[in-house]
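My entries follow the structure below.

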Amino acid sequence: MSERGAAPYPLRPDGSMGGMKRFGSGEKLKPASIYRMLASIYADAKLEWKSLLAAVLCLCAISLLQFAIPQLTRITIDSIIPDRAFDRLFFVCAGILGSAALLGIFGYASTSLIASAGQKVLYKLRNDLYRHIQSLDVSFFDRNRTGDLMSRVTSDVNILQQMISSSMMQLITDLFTFTAIALYMLWIDWRLTLLLLATFPFMLLTTRLFGKRMRSSFRAVQASVADVSDHLQNALTGIRLIKSFTAEAYEAKRFEDRTTANMDANIQVVRLRAAYEPIIDFLNFAGLAIVLVFGAWLAMTDQMTVGTIVAFIAYLRLLQNPIRHFSRIINTIQQAAAGYERIMEIMNTTAEVVEREDAILLPQGKGSIVFREVDFAYGEGARLFESFDLELEGGKITALVGSSGSGKSTIAHLIARFYDPQGGGITIDGYDLRSVTLQSLREQIGIVSQDIVLFNGSIMDNIRYGRMDASDEQVLAAAEAANASRFIEAFPEGFHTQIGERGVKLSGGQKQRLSIARAILKDPRIIILDEATASLDTESEQHIQDALSQLLQGRTCLVIAHRLSTIQQADRIYVLEQGNIVEHGTHEELIHLAGRYRQLYDLQFPQSEQTRLTASPRKREVKAL
Ligand SMILES: Nc1ncnc2c1ncn2[C@@H]1O[C@H](COP(=O)(O)OP(=O)(O)OP(=O)(O)O)[C@@H](O)[C@H]1O
């Protein structure tokens, strides 16, 4: 197997990740993209239009109540106090308390309605995103970092959630309140109102200037979060490697570099916010000064009552609230828009390996696999195969040997259609892989490799992964055939023993037998063993060999092996070097050919060299290419 894992296939020279761009480079986020985000999110929210409508009505009521309370103050100052109307004080008191209670009720209703509609939209978005990521092909995962993808599904979606649940509601309330109050103030005294509103363009300008800078800082924050989670993911899964190389200090330093970038980006955001808020506060006070000075002059010249000035001051706060909140809301919206773009990048990435519209179900046949004039390169890399031909006879065992990087695993990947060749074609029983559905193709292929993935769950669940609808009896039979029953039953909880991160630990050989049981249960027509016994000791290898011979019976098998002891029974062995077949034949034929295979064999079994010298030099009918 090639070394995939620690550093996935790197970025292209331009820093891009193929289908998907990387973020954090300060690209421009246009208002149009914010609008598109809102439109698309709220298009999804249409499903929830009844709750949204009810929430909007609640918000209107909140705006009216917020407008009404200062009116009570004005009435008290302007008419109740001068008239000494003690009896009306009760109504003022009841009015204020009643309005406050209603504000609470409408606030509760609108918050919970919007929050639950928002949650439902995000639930859908997160699941769509996950489903879409799963539908993308292997090359997408080669190009993109796991931690980065994880942060898109988790933290980017969370930011959107924050925006939908709290910020948007605040924005809507503010807009209603602002419009109602501005109209009222204009009606009462348009000169004072216009004077007051003169500070608003400055506020908007400041918000806009800071908004631009904040946006790129947010992107940097989000990109650094992705870097941190990517590093964590790599380091935690590779903790054994780190320890064996005592690379803890080196890794800690690399982690520190990423957290430093994250800290710097966050500090930048805080600094911007810290500079922005005092400017807005200053403009707010300028508004207050205008109301007080100009209002006092109006009152002194009997053009306005004191009550109206007090109401104006109360309204001023409400009028400024939207702008005040706007900075916070705009932050969240900016963050959400950056997150949304990152999410949409994935959603807009399409798989390269796709099913044709007229794809048919691959019929059950003998399972003969033919590569005809196949050209293949990974991504933009150098060509690995050129006009490559290969035949795997149905129902027979074919082995691939050759030096590391010669392309053995790639052949397995091409058969499973993890990648498509750029030229030529691959057929199974005469059906081009591109003409059949992916499901029907992959259902007929079982892959057992050296890297065994077991999920958190019981042993039973893990074997059943091979065929979800299998009965318990079938799972037990598969485990028996894979020589796994004995060790499974030795656990106190038998097949219900939990494995994975928080369950029991299994040895390499035990894991391997579970993966073979899984493949036996799947009962595929084609089996690919990719270095399946590479890292086992002799004892467990014997168990596994027995299990494997059960698995291989009557199927088309492709065995990729470095250890030549495991493939001597193969019907045909191909020796691959740098994407070319250099020899093929049976084990005996290749030994007598005394070529590359013989060379590899002698390296692994030095005592056979002696045998060779004494063996008759009878030439077999061997094809050496
Ligand atoms: N996903 C990938 N993206 C880019 N290049 C890849 C990818 N997988 C493999 N390669 C490259 O393709 C070549 C063939 O790799 P492959 O894994 O098929 O070799 P192999 O014969 O199976 O090697 P080994 O015996 O070491 O497993 C190597 O040069 C490898 O670096």
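Which residues in H5 meet which residues in H7? I worked on a predicted model, in which local features need pLDDT of at least 70, side-chain atom pairs count only at pLDDT 80 or more, and totals for chains, interfaces and linings use all residues. Residues are numbered from 1 along each chain as its sequence is written.

**Entry 1: H5 and H7.** I took helices as DSSP runs (H or I, at least four residues), numbered from the N terminus. I counted two residues as in contact if their C-beta atoms, placed from the backbone, lie within 7 Å. On the H5 side I found Thr146, Gly147, Asp148, Met150, Ser151, Ser155 and Asp156; they meet Gln222, Val225, Ala226, Ser229, Asp230, His231, Leu232 and Gln233 in H7. By class, I noted four nonpolar, eight polar and three charged residues in this contact. Here Ala, Val, Leu, Ile, Met, Phe, Trp, Tyr, Cys and Pro count as nonpolar, Asp, Glu, Lys and Arg as charged, and the others, Gly among them, as polar.

I then looked up the geometry. H5 (residues 146–188) packs on H7 (residues 199–237) at an angle of about 125°, and their axes are 7 Å apart. H5 is therefore oblique to H7. Axes are lines fitted to C-alpha atoms, for helices over the stretch in contact, with angles from 0 to 180 degrees between N-to-C directions. Angles under 35 degrees count as roughly parallel, over 145 as roughly antiparallel, 65 to 115 as roughly perpendicular and the rest as oblique. The crossing of H5 and H7 is right-handed (the near helix is turned clockwise from the far one by less than a right angle; anticlockwise is left-handed).

**Entry 2: H3 and H5.** I read a crossing of roughly 160° for H3 (residues 86–135) and H5, whose axes come within 9 Å. H3 is thus roughly antiparallel to H5. This crossing, too, is right-handed. Among the contacting residues I listed Leu122, Leu125 and Arg126 of H3, and Leu160, Gln161 and Ile164 of H5. The contact holds 14 nonpolar, five polar and one charged residues.

**Entry 3: H2 and H3.** H2 (residues 49–83) packs on H3 at about 160°, with 8 Å between the axes. That angle makes H2 roughly antiparallel to H3. I recorded a left-handed crossing for H2 and H3. Their contact has 22 nonpolar, seven polar and one charged residues.

**Entry 4: annotated spans.** The unreviewed UniProt entry gives "transmembrane region" at several spans, including 89–116 and 194–211; such annotations may be inferred rather than shown by experiment. I found residues 89–116 to be 100% helix, with end C-alpha atoms 40 Å apart.

Definitions and conventions:
Helices (H or I, at least four residues) and strands (E, at least two) are DSSP runs, numbered from the N terminus.
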